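User: I would like to go through this model in short questions. Please show it.

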Amino acid sequence: MAVIASAPGKVLITGGYLVLERPNAGIVLSTNARFYAIIKPLYDELKPDSWAWSWTDLKLTSPQMARETMYKMSLKHFILHESRNPFVEYAVQYAVAAAYATFDDAKKDVLQKLLLHGLDITILGSNDFYSYQNQIEARGLPLTPESLASLPPFTSITFNSEQSNGGIGNSKPEVAKTGLGSSAAMTTAVVAALLNYFGVVNLSSYSGAQHQEQLDVVHVIAQTAHCMAQGKVGSGFDVSSAVYGSHRYVRFSPEVISSLQDAIRFMPLEEVIGEVLKRKWDHERTKFSLPPLMNLLLGEPGTGGSSTPSMVGAVKKWQKSDPQKSLDTWKKLSEANTTLEAQLNLLSKLAEQHWETYSSVIYSCSMHQSEKWMEQASEAISLEIVKALLGARDAILNIRCHMRLMGQAAGIPIEPESQTQLLDATMNMPGVLLAGVPGAGGFDAVFAVTLGDSGNNLAKAWSSHNVLALLVKEDPRGVSIENADPRTNQITSGISSVRIA
Ligand SMILES: Nc1ncnc2c1ncn2[C@@H]1O[C@H](COP(=O)(O)OP(=O)(O)OP(=O)(O)O)[C@@H](O)[C@H]1O
Ligand SMILES: C[C@@](O)(CCOP(=O)(O)O)CC(=O)O
């Protein structure tokens, strides 16, 4: 029987770069953009001579890339011969090794038989992960969310052309992406589906603390596979949100993984993965969600995205070359991040304690530009709410200012001029609370947080400036097991998320 798992894409609204170093935090929102992995046996019957096989077959299909790859996987070392999609390949090898590392002999025998049936893996990413501006233009459609919603779910992906290169930070990724973290969501979905298929975890039947423990196993394997595939140990907020959903994240100590990179060369994979599962994973997760009546909106300026690793490299180089100034910038950024988080938490608290006042202030402010917000407050509580809204705006302006300075000092376009203009215009629209470049910044989609229903007008304003409002919304749900193939499911992300009238 097929096992289908899905994991969400993310938007890092605070903590870009800083979250790479403990104890700085990052606020990461997960979205309704999901990546799906469908696992089933490749052969219904065991081949008569299969008991003697030391290899099994694996088929990886990515319909959106029109790619089908056949692999041979060693049943001794779990090594895959062929390298086409490192994220999926590491996910498979480490999930198989995790099963061998946790199973007793009887279960290992069952697993061996299951593997001899071969593995048939299909991966699908929601349209929201990819840029479809070229395809929309080619079809002669206007650059609007409605046009985006008219594309069939899991539409083919556009590849960025190779010559589109203009120095560090302008270098474009392989596929035209929006920046929602397809690699982390893909790795997590594949790991979760495989661990469930093998019986290492059972994500659909536990709840509470037991469910958390199962998620922790998925997290360790997905995070390790993602680091190995990327060839670096990033902060891991993207894998963490793919597993657990929206939260406030503080990274794990990099040694948890970096010390394994050598071990992998001389220790059997099963032992290495057994060891990594036992390690003390010290990442922190705290509950965080946007205050009520606020919406996350993403706008794609149509420049094909940015490649993050080269931008991180440039910032690290700058930190080494100018420790004093970089430390100062980071301190100011960290303070502004903390302020934004505190103001949003305060707004959530005010909403809980004074719902009537809160909702009426938010609705009034949603219809006005921020200069007019003070006029919407008539007594102490509403004043407190408006002050918190304005405090959040000040904090994001501070964050943006220091991110720009960091980009200039490191010689990379963290908030390039074209994005600055877009973000300033966005923040001047009625009802817009925040706007910024998520994560590492660059030319990926920008984010905005809007009050009440003002997102509809913002989407229209973006369209008139050739910025495509994506259909993505915040969705706090982490990795999960699905009941049906999303291609046969009527309620697909593209269709269900049409919310612009
Ligand atoms: N549908 C898909 N099928 C197969 N491979 C995919 C698919 N979608 C994305 N990928 C692969 O995933 C990788 C994406 O990794 P990359 O780090 O460039 O983007 P990302 O994780 O989306 O980054 P960001 O966090 O900036 O959004 C690429 O190697 C790409 O080929
Ligand atoms: C720069 C960094 O802090 C964020 C990168 O985020 P994104 O992939 O641009 O969403 C790197 C990291 O956290 O691993």
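Analyst: This is a predicted model. One polar side-chain atom of K10 lies 3.1 Å from an oxygen atom of ligand 1.

User: Which residue has a backbone N or O atom 3.2 Å from an oxygen atom of ligand 1?

Analyst: This contact involves the backbone, with an oxygen atom on the ligand side. The residue is G179.

User: What share of the area of ligand 1 does the protein bury?

Analyst: Taken alone, ligand 1 exposes 640 Å². Of that area, the protein buries 86%.

User: Where does ligand 1 sit?

Analyst: The shell around ligand 1 has 20 residues, with S62, Y130, E174, K177 and S183 the closest. As for the site, ligand 1 sits in the largest pocket.

User: Which helix gives the most to the shell around ligand 1?

Analyst: The top contribution is three residues. They come from residues 182-198, helix α5.

User: Is C227 buried or exposed?

Analyst: The relative accessibility of C227 is 1%. Buried means under 20%. C227 therefore counts as buried.

User: How many disulfides does a search of the whole structure find?

Analyst: A disulfide links the sulfur atoms of two cysteines covalently. The search covers the whole structure, and the number of disulfides found is zero.

Note on methods
Residues are numbered from 1 along each chain as its sequence is written. Chains are lettered from A and ligands numbered from 1 in the order in which they are written. This is a predicted model: local features need pLDDT of at least 70, side-chain atom pairs count only at pLDDT 80 or more; totals for chains, interfaces and linings use all residues. Side-chain values use heavy atoms; hydrogens and water are left out. A disulfide is a pair of cysteine sulfur atoms within 2.5 Å. Buried means under 20% relative accessible area, exposed over 50%, partly exposed in between (1.4 Å probe, protein chains only). A residue is near a molecule or strand if one of its heavy atoms lies within 4 Å of it. A polar contact is a pair of N or O atoms within 3.5 Å; within protein, one must be able to donate a hydrogen and the other to accept it, and residues adjacent in sequence count only if both atoms are side-chain atoms. Accessible areas come from the Shrake-Rupley method with a 1.4 Å probe; for residues, only the protein chains shown count as cover. On a 1 Å grid over the protein atoms alone, a cavity is a set of points where a 1.4 Å probe fits but cannot get out, and a pocket is an open set with protein on both sides within 12 Å along at least five of seven lines; lining residues have an atom within 4 Å of a point. A molecule sits in a cavity or pocket if more than half of its atoms lie within 2 Å of its grid points. Helices (H or I, at least four residues) and strands (E, at least two) are DSSP runs, numbered from the N terminus.
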